[in-house]
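Please read the notes below with the structure open beside you. They are arranged as numbered points, each on one topic.

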Amino acid sequence: MLSTVIGELYALNLRSRFLEVARFGNPDKVPLSLWGIRPATLKRWWREGLPPGMDAATYFRFDIYGMKTFNIASWPSEGFPWEPSDRLVNLGPIPPFEYRLLREDERYRVWVDSLGITQLGFQDDWKDGWSGFATRTFIDFPVKNRYDFERIKSRYDPHHPDRYPPRWKETVKTLKEMDDGSFLIHLSLRGAFWWIRDMMGLEATLINFFKDKRLIEDILDLYLDFHIEALRRAVEEVQVDYVTLNEDMAYKRGPMISPRMFREYLSPVYRELINFLRNHGVKVVIVDSDGCVEPLIPELLSVGVDGISPCEV
């Protein structure tokens, strides 16, 4: 463990401090993580007294207490056009779906994003860039049946040469040269539940947990095989400190999926993926759950998850 001893003061570097917190140890102070402030929120804060043009991290001195991280992977999010990074592992569909505006009027727009999801949204939320608070109606998803799934599988070839862009080697070299414990190497992934929702939508996902179990299992098999094979090179070449499995799987009063459904469908996938990550030196695995996920905490612990984010009460 790298540390600095000044008299009786024992100061940990960021990596050691983070691991002390994650392992219920004895950190000298708790590092803080500030996620991106929504654009609409930031504009309001500027009106209410935050110096115009200043970001929240600067104002709240996150240079002192904040967690500096470097994420090594990229993938598209619902609603947005997406261009793969020239430095990060590409975990999106190759090729991505064509981003298309289908129709619009003064109030609404209908479009297809880079995941192939058709949606309707307010112009005020999207016309000048994402506002940060976008109420949308999802109209269509790329997978509605077995035929659609077989077609989309080809976009998730883990060995496609574009998974690792030309500057990936430069990324690895830079991370190794700069690795002094002052920042964390992070791997952000779509979780298994999120992955199915991106393909089918929430309603169809929950219905097919009962109606077409085989299709759900095959989608999860693709999820697992794709991520293990696509990430193998990355976790062999870079020492990842922690992984976030993004799920957004709960409302404020409870999860979208029951503990029984989690055990039946997601636990085997989580367990195998987390074992793979642990075997390649990943120390901490966090689930970005959203909402009240308390009923699922025993299940998450049983498959090796170390924490949840955010923790909402």
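1. In what order do the four strands of the open sheet stand, and is their pairing parallel or antiparallel? In this model, which is a predicted one, the order is β6-β7-β8-β9, and the pairing is antiparallel. The edge strands are β6, residues 100-104, and β9, residues 136-140, each of which pairs on one side only. From one strand to the next, the twist averages 25°. As background for a first reading, strands of a sheet pair through backbone hydrogen bonds, and they can do so in a parallel or an antiparallel way.

2. For a closer look at one pairing, take β6 together with strand β7, which covers residues 108-112: these two pair in the antiparallel sense over four bridges. Within this pairing you can find R103, which stands opposite V110 in β7.

3. In general, nonpolar side chains tend to be buried together in soluble globular proteins.

4. Why does V21 count as partly exposed? Its relative accessible area is 34%, and partly exposed is the class that lies between buried, under 20%, and exposed, over 50%.

5. A search of the whole structure finds 24 salt bridges, and one of them joins R15 to D179, with the closest N and O atoms 2.9 Å apart. This pair links distant parts of the chain, since R15 is in helix α1 and D179 is in the loop between α7 and β10, 164 residues apart. Are the two partners buried or partly exposed? R15 counts as buried, at 15% relative accessibility, whereas D179 is partly exposed, with a relative accessible area of 35%.

6. A further salt bridge is formed by E264 and K213, whose closest N and O atoms are 3.0 Å apart. Because E264 lies in helix α11 and K213 in helix α10, the pair ties together parts that are 51 residues apart in sequence. Here E264 is partly exposed, with a relative accessible area of 33%, and K213 is partly exposed as well, with a value of 39%.

7. Please also look at R278, which forms a salt bridge with D306, the closest N and O atoms being 2.7 Å apart. R278 is in helix α11, while D306 is in the loop between α12 (297-302) and β15 (307-309), so that this pair, too, links distant parts of the chain, 28 residues apart. R278 is partly exposed, with a relative accessible area of 29%, and D306 is partly exposed, with a relative accessible area of 33%.

Key:
Residues are numbered from 1 along each chain as its sequence is written. This is a predicted model: local features need pLDDT of at least 70, side-chain atom pairs count only at pLDDT 80 or more; totals for chains, interfaces and linings use all residues. Side-chain values use heavy atoms; hydrogens and water are left out. Two strands pair if DSSP finds at least two bridges between them. Axes are lines fitted to C-alpha atoms, for helices over the stretch in contact, and angles run from 0 to 180 degrees between N-to-C directions. Buried means under 20% relative accessible area, exposed over 50%, partly exposed in between (1.4 Å probe, protein chains only). A salt bridge is a side-chain nitrogen of Lys or Arg within 4 Å of a carboxyl oxygen of Asp or Glu.
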